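Dear colleague,

I am passing on the structure below, together with some notes on what turned up when I went through it. Please read them alongside the model.

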Amino acid sequence: MSEVPGYNPDARREVKKVDRIKLGDFDRDFFNSLEGENGWIALGQEYCTNQRYFTVFAEDGTKVGIVGVYDTEDDQNITHTVIDPKYRGQGLAAKCKDALMNSLNLPFVTLTISLDNTPSLKAAEKLPGVQKVSDAKYEADFHKAKFIFTRAEKNK
């Protein structure tokens, strides 16, 4: 197989493992770098209330993702989690949800995951304290699965 210019198969292994995270002020430019200028966000959506978004930092100050929470008429504490692709596969999404719940003193968060997003569905199903609450009709109507994830200390 010929080499592709600029491709480094070891690049993912060069990324430092992130053990602990902290939440900081929301950085819209960082969000746009992850999701693009037209990436969906609850901020400014009229049917999304109580919107709170944060930048997720590793211990050394490196930005590793974005996490947010918002409410709709039907659901509360809906999470929006975006992890920088360089740091995916380390369990950071669950750490983000725990940090969000602890920071805002939320008893649970609601996860809605596209049925096409197999890695996120598999990861959600492995979380301790997660319960799938969507039924076939919801999944057919919205093409998403819905889960409730409770705070880690409530699962002990």
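**Backbone, rings and cysteines**

His143 sits in the loop that runs between helix H5 (136-142) and strand S7 (144-150), and although it is not a glycine, His143 has a positive phi of about 55°. Please keep in mind that this is a predicted model. The side of the picture that concerns solvent is intermediate here, since His143 is partly exposed, with a relative accessible area of 38%.

A second residue with such a backbone angle is Asn77, which is likewise not a glycine and has a positive phi of about 55°. Asn77 belongs to the loop between strand S3 (63-71) and strand S4 (78-83), and it counts as buried because its relative accessibility is 8%, which falls under the 20% cut-off.

Turning to the aromatic rings, the count comes to four aromatic pairs. One of them is formed by Tyr138 and Phe142, a tilted pair with 4.8 Å centre to centre and 40° between the planes. Both Tyr138 and Phe142 lie in helix H5, four residues apart, which is about one turn of the helix, and Tyr138 is buried, with a relative accessible area of 18%. Elsewhere among the rings, Phe26, Phe31 and Tyr53 form one aromatic cluster.

As for the cysteines, Cys48 counts as buried at 4% relative accessibility, and Cys96 is buried as well, with a relative accessible area of 0%. How many disulfides does the count give? The count comes to zero disulfides.

Terms used: Residues are numbered from 1 along each chain as its sequence is written. This is a predicted model: local features need pLDDT of at least 70, side-chain atom pairs count only at pLDDT 80 or more; totals for chains, interfaces and linings use all residues. Side-chain values use heavy atoms; hydrogens and water are left out. A disulfide is a pair of cysteine sulfur atoms within 2.5 Å. Buried means under 20% relative accessible area, exposed over 50%, partly exposed in between (1.4 Å probe, protein chains only). Helices (H or I, at least four residues) and strands (E, at least two) are DSSP runs, numbered from the N terminus. Rings of Phe, Tyr and Trp (its six-membered ring) pair if their centres lie within 6.5 Å; planes under 30 degrees apart count as stacked, over 60 as edge-to-face and the rest as tilted.
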